[in-house]
Each structure stands twice: as structure tokens, then as C-alpha cells.
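Me: I have a protein model open and would like to learn how to read it. Could you walk me through a few features, one at a time?
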Amino acid sequence: MAVAAQVVRENKLADPIELLIQGRAHDLGGGFAVRRVLPSVKRRMVGPFIFLDHFGPMDVPPGGGMEVRPHPHIGLATVTYLFDGGIFHRDGLGFAQAIKPGDVNWMTAGRGIVHSERTEPEMRRTGFRMHGVQTWVALPKTHEETAPAFEHVEAARLPAWQEQGAALRLIVGTYAGRTAPTTHFSPIFYVGGELSAGAKIAVSPEHAERALYVAEGSVTIGDRVLAVGDLAVLATGLTAELVAGADGAKLMLLGGAAMDGPRHIWWNFVSSTKERIEVAKADWREGRFAMVPGDPEFIPLPDR
């Protein structure tokens with residue numbers, strides 16, 4: 001019995017998947033639905049990633065699209081990455097930027113910023129295919145009150161490589177000897193991948209906290225098949241090998257160092273203290289944020 005128990009423990013330690021989370025449906029309004037994966041009751045963060053929304057793939061008919069009115073953020077950075085479609089970003093700093101597939105929009109909220117996310121008129125007129133992921137990255141305590149900023153990084157400036165039937169792109173941070181030019185404030189990695197059927201890759205064990213999210217198709221890790229909407233949190237220090245299913249896969253690899261303490265999240269606000277969130281709530285309610293030039297609309301503070 002003792003020998004059998006030891007074998008069970010060793011097999012458990014060798015399992016590259018520590019935790020499995022399934023995304024849940026969430027409506028952003030106007031019929032634009034997403035899968036919300038983080039935060040979860042099972043896990044609040046993976047490295048600095050505290051929020052993950054996955055939208056699509058969907059065929060948006062003429063007249064449809066995204067209409068997210070101006071709204072505020074503090075204590076985080078937003079990272080938008082698209083496989084298909086487009087989003088037009090405007091913010092209180094005066095930036096107006098279209099994001100296309102493969103590009104990265106990194107917006108540092110810091111002590112506070114307001115932005116909107118909408119579909120461009122031409123795409124709305126013709127209809128389009130939409131597929132992408134938006135994440136929030138919690139800022140370390142030393143940078144929670146940093147000045148707000150916006151950065152757009154074109155796909156051509158990001159490290160991209162092929163690996164056994166997989167096309168990979170480093171969006172933010174460092175991974176497998178590569179470094180992306182995108183701004184970041186703590187150890188982090190974020191990789192977008194498009195895998196052909198049967199493609200095999202190994203997730204580098206270099207970062208303390210890592211996860212794999214399946215955005216399209218399926219992948220197998222060991223004897224487990226992960227489908228769309230599955231986020232697998234990987235065990236620390238183990239190389240996780242995965243194989244794409246018969247229809248291939250699109251996925252995100254993400255993580256980094258553990259954050260310097262827990263974070264509170266309320267609506268669009270993230271902070272290491274509840275008191276700071278209360279200040280942000282009052283500032284938005286009283287109109288003390290710098291608004292988006294030329295856009296008088298805004299999302300009111302929710303009741304809860």
C-alpha cells in the first residue's frame with residue numbers, strides 16, 4: 001500500500017495541469033457576448049493577469065459591432081489582441097487607434113484613464129468576422145499610481161516564429177529567449193499561437209505562473225483534451241507538451257511572476273487596497289476623470 005501511495009503522489013506531481021477553468025458567458029450589451037475566464041472563483045490571477053475576456057469567433061452582420069462607451073480604469077493595463085476583425089480605441093489622453101489582427105494595444109491605466117472601444121463605420125456597414133482576447137494586467141504596487149499611457153505595437157515589431165506546425169507571436173514580455181518591445185512593469189509573458197492539425201509545442205517552464213487558453217479548436221496535454229473556453233493553469237517548473245486537434249487550434253499562453261500581494265477588483269477598477277477603489281468610484285461619479293475628446297457618452301457607475 002505504501003508503494004502504491006508513493007506512485008500516486010509521483011503521478012500527481014508529474015501532471016502538468018494544476019487547475020482547469022472554464023469560461024462563462026457574459027453579455028457586454030448590444031448582443032456582443034464574450035467568454036469571461038478570469039477572474040474565477042477557482043483562481044483570481046495567473047502571474048499579473050487578473051482578467052481575460054474571449055470574444056468570437058463570430059460573424060457580425062452589417063449594422064452590428066462593438067459599442068463600449070467611455071469608461072474608466074485604475075491600477076491595471078489593458079491588452080487587446082485580435083485574430084480577426086478590428087476595434088477602434090479612443091482615450092482621455094487623446095489617442096485614437098485602430099487595432100488589427102496581430103497588433104497589440106497596451107493601455108496603462110495607472111492612476112486613472114478613460115477609453116472607449118467601438119467598431120469602425122466601414123466594418124459596421126459591410127459586416128465582418130470578429131475574434132480576439134482582451135486581458136487586464138495588474139500593476140505592481142510601485143506602479144499602481146503611474147501616469148496613464150497608451151502604446152500601439154504593430155505585428156511586424158513583435159517576435160514571431162514557427163515551431164513544429166505552430167505559428168507563435170510574443171505579444172508582451174519575455175519567452176524562450178525572446179523579448180517583445182511592448183511596455184510592461186513586472187515579469188510577464190503573453191504569446192498568441194495558431195496551430196495546424198497535429199502541431200506540437202512545449203510550453204517553456206521559465207516563468208513561475210503559467211496558463212494556456214484555448215480560443216479555437218482543441219489541444220491535448222497528456223491524456224486531457226482542452227476545448228474552446230478552457231484555461232489550464234500549468235504546474236510550476238514542468239514543461240507542458242501539447243498537441244493540436246484535428247481542426248488545429250488558436251491559443252494564448254500567459255503568465256509571469258506572482259503578484260506582490262492580492263488585488264481587489266470592482267467593476268473596471270483594480271487596486272491593492274479597497275480604499276483606493278472607493279476613491280476611484282467617487283471620482284467617476286463626480287466627473288473628475290479626463291474624458292475622451294469629442295465623445296460625450298459614458299457608462300455610469302453601476303449600483304453594485
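Reply: Happy to. Let's begin with the lining of the largest cavity: by class, five of its residues are nonpolar, six are polar and one is charged. Keep in mind that this is a predicted model.

Me: How many cavities of 30 Å³ or more are there, and what volume does the largest cavity have?

Reply: Here is the general idea. Rolling a probe the size of a water molecule over the atoms shows where empty space is left. In this structure, the count comes to three cavities of 30 Å³ or more. The largest cavity has a volume of about 70 Å³.

Me: Which residues line the largest cavity?

Reply: Look for Thr78, Thr80, Ile87, His89, Ile99, Asn105, Trp106, Met107, His115, Glu117, Gln134 and Phe150.

Me: Which strand gives the most to that lining?

Reply: Strand 9 does, with three residues. At least two lining residues come from each of strand 6 (76-84), strand 7 (87-91), strand 9 (104-108) and strand 10 (113-118).

Me: What does the side chain of threonine 80 make a polar contact with?

Reply: Its partner is the side chain of glutamine 134, at 3.1 Å. Both Thr80 and Gln134 are in the lining of the largest cavity. Leaving aside neighbours within four places in sequence, threonine 80 is also in contact with other residues, including Ile87, Ile99, Asp103, Val104 and Asn105.

Me: Now for another spot. Where does aspartate 230 lie, and is aspartate 230 buried or exposed?

Reply: Aspartate 230 lies in strand 20, residues 230-234. Because its relative accessibility is 10%, aspartate 230 counts as buried. Its side chain reaches the backbone nitrogen of alanine 227 at 2.8 Å.

Me: How many residues apart in sequence are aspartate 230 and isoleucine 21?

Reply: They are 209 residues apart in sequence, yet their C-alpha atoms are 5.8 Å apart in space. Not counting residues up to four places away in sequence, aspartate 230 touches Leu20, Ile21, Gln22, Leu212, Tyr213, Val214 and Val225.

Me: How many aromatic pairs does the whole structure have?

Reply: A search finds twelve. Take tryptophan 267 and phenylalanine 269: their rings are 5.7 Å apart, centre to centre, with 85° between the planes, and the pair is edge-to-face. Tryptophan 267 is partly exposed, with a relative accessible area of 25%, whereas phenylalanine 269 is buried at 0%.

Me: Why is the pair of tryptophan 284 and phenylalanine 298 edge-to-face?

Reply: The general idea is to look at the angle between the planes: over 60 degrees counts as edge-to-face. Here the planes are at 85° and the ring centres are 6.0 Å apart, so the pair is edge-to-face. Tryptophan 284 lies in helix 3 (residues 274-285) and phenylalanine 298 in the segment after helix 3, so the pair ties together parts that are 14 residues apart in sequence. Tryptophan 284 counts as buried at 7% relative accessibility, while phenylalanine 298 is partly exposed at 42%.

Me: Which residues do ring pairs link into a cluster?

Reply: The cluster holds Trp266, Trp267, Phe269, Trp284, Phe289 and Phe298.

Terms used:
Residues numbered from 1 in each chain as written. Predicted model: local features only at pLDDT ≥ 70, side-chain atom pairs only at ≥ 80, totals over all residues. Heavy atoms only, no water. 1 Å grid on protein atoms, 1.4 Å probe; cavity = no way out; pocket = protein on both sides within 12 Å on 5 of 7 lines; lining within 4 Å. Points joined across faces, edges and corners; volume = space filled by probe spheres on them. Helix = DSSP H or I, 4+ residues; strand = E, 2+ residues; numbered from the N terminus. Nonpolar A, V, L, I, M, F, W, Y, C, P; charged D, E, K, R; others polar. Buried < 20%, exposed > 50% of the residue type's maximum accessible area, 1.4 Å probe, protein only. Contact = heavy atoms within 4.5 Å. Polar contact = N/O pair within 3.5 Å; in protein donor to acceptor, adjacent residues only side chain to side chain. Phe/Tyr/Trp six-rings, centres within 6.5 Å; stacked < 30°, edge-to-face > 60°.
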